[in-house]
Number of protein chains: 2
Amino acid sequence: MMQLIKYPERKDWKKILQRPQADNALLMDTVKSILNDVKENADAAIQKYTKQFDGILISEPIVSKEEFAAGDEIPDSLKSAIRQAATNIKLFHQKQLKPAEIIETMPGVECYRKSVAIEKVGLYIPGGTAPLFSTLPMLGIPAKLAGCKEIIVCTPADKNGNVHPAVLFTASLIGIDKIYKIGGVQAIAAMAYGTATVPKVFKIFGPGNRYVTAAKQLIQLEGVAIDMPAGPSEVCVLADETANAAFIAADLLSQAEHGKDSQVLLVTTDEILARKVTEEINEQVLVLSRKEIAIAALQNSKIILVNRIEEGINIVNEYAPEHLIICCIDDVAAANKIINAGSVFIGSYSPESAGDYASGTNHVLPTNGFAKAYSGVSVESFVKKISFQKISYEGLNSISDTIIAMAEAEGLDAHANAVKIRLKK
Amino acid sequence: MMQLIKYPERKDWKKILQRPQADNALLMDTVKSILNDVKENADAAIQKYTKQFDGILISEPIVSKEEFAAGDEIPDSLKSAIRQAATNIKLFHQKQLKPAEIIETMPGVECYRKSVAIEKVGLYIPGGTAPLFSTLPMLGIPAKLAGCKEIIVCTPADKNGNVHPAVLFTASLIGIDKIYKIGGVQAIAAMAYGTATVPKVFKIFGPGNRYVTAAKQLIQLEGVAIDMPAGPSEVCVLADETANAAFIAADLLSQAEHGKDSQVLLVTTDEILARKVTEEINEQVLVLSRKEIAIAALQNSKIILVNRIEEGINIVNEYAPEHLIICCIDDVAAANKIINAGSVFIGSYSPESAGDYASGTNHVLPTNGFAKAYSGVSVESFVKKISFQKISYEGLNSISDTIIAMAEAEGLDAHANAVKIRLKK
């Protein structure tokens with residue numbers, strides 16, 4: 001099903017690596033009108049859109065304490081799993097913030113940067129074709145570690161008006177108690193503008209469909225920060241003849257089952273492996289419950305044959321995949337040459353699904369080539385770093401000539417005066 | 001000239017602290033049409049707009065090696081000043097990147113995040129009413145420290161088609177050799193889309209006027225990253241009765257001279273100080289070469305009297321100033337309570353102009369309240385952090401139950417299979 005491209009020339013890479021294009025211009029007007037409606041009509045508009053799009057009337061969007069109890073009903077095995085995942089995520093993320101370090105750039109000129117939590121953050125947990133509760137620890141744990149004071153969650157309810165119990169269990173586990181049964185564009189609008197029910201936040205996090213992504217981009221124009229723009233999920237596998245075809249097929253399918261617009265890529269030096277992977281995919285796909293989605297996604301997907309692994313690394317860096325799995329003899333050496341990727345999985349026993357759930361790394365990652373400029377979510381995403389300087393009389397004296405000369409050359413007298421007046425120059 | 005507001009009630013803070021609003025909706029259409037024109041007609045469109053807006057025909061936008069020589073003509077005193085500033089900026093910024101640290105979340109599950117430079121970055125240095133060459137080291141030095149491979153600069157030329165010699169000197173000093181004589185929206189478009197002359201970049205940095213800011217926001221919708229949205233520059237001074245009125249007046253004026261749309265704020269517990277500062281401003285402003293601009297900016301500006309310094313700190317955090325100067329008896333204690341600000345200047349000998357030029361901290365900072373969610377520019381702005389995981393057979397085995405339980409609960413069979421197939425579960 002995947003298209004096989006043999007030994008492409010460098011000049012053709014860009015075209016080959018193009019993602020399936022979705023024309024967002026068409027949906028922007030719809031998204032804008034929903035945003036504006038929620039801005040003006042707040043909770044009433046949210047209720048209207050929830051009825052219209054999710055087919056359910058939610059008169060009280062906040063999840064009550066009683067409703068939270070449903071989280072306790074999930075199987076014990078799932079509880080243990082979520083606890084283990086949360087432990088690993090916490091372990092990995094808690095070392096991401098370093099204490100402020102004072103740097104004396106000159107005697108008496110002390111400078112430092114301090115990480116301070118963003119006070120109010122909103123986490124969007126999509127519903128969609130799968131109840132993706134695993135995104136909640138990926139956003140909630142770093143938010144808690146950063147020290148955000150107000151952490152709210154928006155997620156669509158099911159047809160009975162309930163939030164998935166695994167979301168409720170996870171929220172309780174990590175200490176989040178404000179969940180709103182709001183999904184889609186209206187959820188982003190609610191968190192961006194605030195309503196009588198939903199508090200306004202300063203930054204909005206989380207994946208979503210094209211409408212949610214467009215909404216996040218538009219509210220960013222109005223001054224609300226977002227984690228990153230999101231596109232359909234994707235994986236790239238870089239492999240040589242030492243790789244295991246069955247493992248690779250399983251990895252490609254695990255990405256393909258996400259959505260019909262997902263894309264998977266295999267870049268390999270070995271044509272025999274390429275054929276074996278295709279055979280394995282054809283066999284493994286048959287038993288999947290989300291078979292149809294996976295098959296559709298494979299239509300967008302490609303196997304690219306390259307002459308040498310170095311060339312493969314260059315193709316990967318040009319593509320900038322969200323997830324990259326490296327299965328080749330010198331896997332660590334190859335990993336060290338990756339400059340554009342969201343998260344990298346090194347070796348045959350590092351499947352993407354390990355990072356999706358439990359290794360401890362974050363699964364909210366830059367898609368669509370954004371890995372060229374964006375990082376995945378981390379504790380750093382939930383803080384801003386404020387710079388501080390404390391300068392003594394002597395310190396100011398030692399940099400005064402520099403400040404005055406530069407300010408005057410820029411034609412900014414008052415900048416120079418602010419120094420002169422202190423030193424009576 | 002500044003408005004005095006005495007002891008406002010908390011409910012009125014939001015209104016009082018509102019920034020002068022600029023309606024960007026009106027200019028968006030203009031900006032969009034220029035962006036689209038450059039996207040389609042590239043260098044020809046750039047030449048056209050440079051002629052139209054800057055009144056000059058630039059047939060060869062790149063600054064030649066010969067032209068770079070003009071940088072050597074600036075006075076030795078300015079050269080020394082720029083060298084000193086660059087040294088301090090480098091000292092402060094070079095400690096911002098930490099080496100990757102491997103965290104073994106479980107035995108055999110090794111995870112780390114590595115900072116990797118954004119390969120291609122574009123720096124915008126505005127011309128405007130003052131030749132702001134001091135922004136170049138603030139962007140160029142962290143870009144170099146991060147290890148960006150391609151660093152380009154766009155800046156408008158003067159009426160004679162020349163780039164300010166201080167910009168050329170600074171660029172040479174920090175090792176940047178690609179400067180394009182392009183300003184405004186067309187510069188942002190050139191860097192976002194690329195032309196035959198100007199390479200496409202992955203992230204665009206730098207302050208600019210409303211048109212430049214709008215252009216940066218719009219190209220962000222097309223997947224090019226930006227440092228942050230920018231608004232007019234602003235300073236807030238928090239002071240008690242121990243503060244020096246003349247120093248504060250000089251600081252407020254140094255911000256007010258930036259532009260007519262700048263805003264300055266004094267929050268103080270002392271009415272006598274408020275009066276003295278006003279008197280000082282009235283006196284000091286008279287001798288400024290940019291007097292008219294400063295006077296206009298002061299019309300947007302306010303002195304807010306508060307009962308206690310704690311209340312003042314809360315007002316500051318609500319306002320989230322780009323620059324905050326703290327002149328009160330317990331200045332360090334007050335600084336520790338600041339949660340929303342771009343850069344903080346502690347004590348009477350820490351004027352904002354020290355940070356603007358030479359203390360070592362960055363002067364590209366979040367304005368317009370964006371300090372609630374955004375940080376100033378740092379070396380981190382020029383990298384993305386890629387996460388890596390290397391899992392052994394035993395490591396995968398130890399987290400396999402967790403992955404499988406969560407994947408199956410999310411209805412994602414193929415995610416579970418990717419683990420099962422490796423462990424033959």
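A:Ser343 faces B:Ser387, a residue of strand E14 in chain B. This pairing belongs to a stretch where strand E13 of chain A (residues 343-346) runs parallel to strand E14 of chain B (residues 383-391), joined by four bridges. Please keep in mind as you look around that this is a predicted model.

**The contact between the chains**

Let us step back to the whole interface. Chain A brings 118 residues to the contact, and chain B brings 117 residues. The area buried between chain A and chain B comes to about 10500 Å², with carbon and sulfur atoms giving 60% of that area. Polar links are found here too: 58 residue pairs, both at pLDDT 80 or more, are in polar contact between chain A and chain B. On the side of chain A that touches chain B, the residues divide into 62 nonpolar, 35 polar and 21 charged.

How many salt bridges are found across the interface of chain A and chain B? The count there is 12 salt bridges. Over all chains, the count comes to 38 salt bridges. Side chains of opposite charge can pair when their charged atoms come close.

| Pair | N to O distance |
|---|---|
| A:Glu380 and B:Arg113 | 3.6 Å |
| A:Glu101 and B:Lys98 | 3.4 Å |
| B:Lys6 and B:Glu271 | 2.8 Å |

**A loop-to-loop pair**

The salt bridge between A:Glu101 and B:Lys98 has its closest N and O atoms 3.4 Å apart. This pair crosses between chains: A:Glu101 sits in the loop between helix H4 (76-93) and strand E2 (103-106) of chain A, and B:Lys98 sits in the loop between helix H4 (76-93) and strand E2 (103-106) of chain B. A:Glu101 is partly exposed, at a relative accessible area of 35%. B:Lys98 is partly exposed as well, with a value of 38%.

Where in chain A is A:Glu380 found? Its place is the loop between helix H14 (352-357) and strand E14 (383-391) of chain A. Is A:Glu380 buried or exposed? A:Glu380 has a relative accessible area of 19%, under the 20% cut-off, so this residue counts as buried.

With B:Lys385, the side chain of A:Glu380 makes a polar contact of 2.8 Å, side chain to side chain.

**A pair within chain B**

B:Lys6 and B:Glu271 form a salt bridge, their closest N and O atoms being 2.8 Å apart. B:Lys6 is partly exposed, with a relative accessible area of 47%, and B:Glu271 is partly exposed at 33%.

Which residues do salt bridges with shared partners join into one network? The members are A:Arg113, A:Glu380, A:Lys385, B:Arg113, B:Glu380 and B:Lys385.

**Strand pairing in chain A**

Strand E2 of chain A and strand E3 of chain A (residues 109-117) run antiparallel, joined by three bridges. Within this pairing, A:Ile103 stands opposite A:Cys111. The two strands make a hairpin with two residues between them, and A:Gly108 in the turn shows a positive phi of about 85°.

Strand E3 of chain A also pairs with strand E14 of chain A, in the antiparallel sense, over nine bridges. Here A:Lys114 stands opposite A:Ile386.

Elsewhere in chain A, five strands build an open sheet with parallel pairing, in the order E6-E5-E4-E7-E8. Strand E6 (179-180) and strand E8 (225-226) take the edges, each with a single partner strand, so one side of each has no neighbour in the sheet. Strand E5 (residues 150-154) of chain A joins E6 through two bridges, the two running parallel. There you can find A:Val153 opposite A:Ile179.

Conventions
Residues are numbered from 1 along each chain as its sequence is written. Chains are lettered from A and ligands numbered from 1 in the order in which they are written. This is a predicted model: local features need pLDDT of at least 70, side-chain atom pairs count only at pLDDT 80 or more; totals for chains, interfaces and linings use all residues. Side-chain values use heavy atoms; hydrogens and water are left out. Contact means heavy atoms within 4.5 Å. Buried area is the accessible area (1.4 Å probe) that two parts lose on being put together, summed over both. A salt bridge is a side-chain nitrogen of Lys or Arg within 4 Å of a carboxyl oxygen of Asp or Glu. A polar contact is a pair of N or O atoms within 3.5 Å; within protein, one must be able to donate a hydrogen and the other to accept it, and residues adjacent in sequence count only if both atoms are side-chain atoms. Ala, Val, Leu, Ile, Met, Phe, Trp, Tyr, Cys and Pro count as nonpolar, Asp, Glu, Lys and Arg as charged, and the others, Gly among them, as polar. Two strands pair if DSSP finds at least two bridges between them. Buried means under 20% relative accessible area, exposed over 50%, partly exposed in between (1.4 Å probe, protein chains only).
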